[in-house]
Amino acid sequence: MRLTAKMPWLVALVLVGLGGCNRPRFDTPQDAYVSFHRMVRREDLREAWGVLSKPTQDALMKKAQAVSDASGGAVKPEPLGLFFANVPPPEDVTEVTLVRESGDEATLDVRSPGRTHEVRMVREPSGWKVDLSASLQP
């Protein structure tokens, strides 16, 4: 095969295209969940925090403050640490399927080896977010 002057440009174009494959995306509930899962697995916890819904973040901040208050201030109110600390890395996800979507809410089936669970997603101005607020209620 003979190299032409256009070859380096084609290679660069392919590499740029492939580079965008793992970028976080929030256009669909499925994309947002997969992006969140990747961030958690890579331990990009600040980034992952941003993919949690506002009600989830608020509930975690409230719990972190309660822990701090109960400790007399010895424990700092760190919602990121409260949520992500001492949690093993999530299992591999084999499939993420949209179960239902209605307006700004969606439910996903998330399959891992030997397990399937539902995840609630909500659409906020910046895109789809993982909503765990119902499971954080007392």
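A salt bridge is defined here as a side-chain nitrogen of Lys or Arg within 4 Å of a carboxyl oxygen of Asp or Glu. The model is predicted, with local features requiring pLDDT of at least 70 and side-chain atom pairs counted only at pLDDT 80 or more, while totals for chains, interfaces and linings use all residues. Residues are numbered from 1 along each chain as its sequence is written, and side-chain values use heavy atoms, with hydrogens and water left out.

**Figure 1. Salt bridges of arginine 123.** Aspartate 104 and arginine 123 form a salt bridge in which the closest N and O atoms are 3.0 Å apart. This pair links distant parts of the chain, since aspartate 104 belongs to the loop between S1 and S2 and arginine 123 to strand S3, 19 residues apart. Strands (E, at least two residues) and helices (H or I, at least four) are DSSP runs numbered from the N terminus. Aspartate 104 has a relative accessible area of 45% and is therefore partly exposed; the class lies between buried (under 20%) and exposed (over 50%), with a 1.4 Å probe and protein chains only. Arginine 123 also forms a salt bridge with glutamate 101, at 3.9 Å from N to O. Here, strand S3 (residues 115–124) is linked to strand S1 across 22 residues. Arginine 123 is partly exposed at 37% relative accessible area, and glutamate 101 is partly exposed at 40%.

Figure 2. The side chains of glutamate 95 and arginine 111 meet in a salt bridge of 3.7 Å, N to O. Because glutamate 95 lies in strand S1 and arginine 111 in strand S2, the pair ties together parts that are 16 residues apart in sequence. Glutamate 95 counts as partly exposed at 40% relative accessibility, and arginine 111 is partly exposed at 34%. A search of the whole structure finds eleven salt bridges.

**Figure 3. The antiparallel pairing of S1 and S2.** Strands S1 (residues 95–102) and S2 (residues 105–112) run antiparallel and are joined by seven bridges; two strands pair if DSSP finds at least two bridges between them. Arginine 100 stands opposite threonine 107 in S2, and leucine 98 stands opposite leucine 108 in S2. The hairpin of S1 and S2 has two residues between the strands, and glycine 103 in this hairpin takes a positive phi near 60 degrees. Six of the eight residues of S2 are buried, so S2 is largely enclosed by the rest of the structure.

**Figure 4. The antiparallel pairing of S2 and S3.** Eight bridges pair S2 with S3 in the antiparallel sense. Glutamate 105 stands opposite valine 122 in S3. In the hairpin of S2 and S3, two residues separate the strands, and glycine 114 takes a positive phi near 80 degrees.

**Figure 5. Aromatic pairs.** Two aromatic pairs are found in a search of the whole structure. Tyrosine 33 and phenylalanine 36 form a tilted pair, 6.4 Å centre to centre with 50 degrees between the planes. Rings of Phe, Tyr and Trp (its six-membered ring) pair if their centres lie within 6.5 Å; planes under 30 degrees apart count as stacked, over 60 as edge-to-face and the rest as tilted. Tyrosine 33 and phenylalanine 36 are three residues apart in helix H2 (residues 29–41), and are therefore separated by about one helical turn. Both tyrosine 33 and phenylalanine 36 are buried. The rings of phenylalanine 83 and phenylalanine 84 have centres 4.7 Å apart and planes at 80 degrees, so this pair is edge-to-face. Phenylalanine 84 is buried, with a relative accessible area of 12%.

**Figure 6. A nonpolar surface patch.** Val67, Val75 and Leu82 form a nonpolar patch on the surface, together contributing about 210 Å² of accessible area. Patches consist of residues with over 30% relative accessible area and no salt bridge, like charges being joined within 9 Å and nonpolar side chains (Val, Leu, Ile, Met, Phe, Trp, Tyr) within 5 Å. Accessible areas come from the Shrake-Rupley method with a 1.4 Å probe; for residues, only the protein chains shown count as cover. Leucine 82 lies in helix H5 (residues 79–84) and, at 36% relative accessibility, counts as partly exposed.
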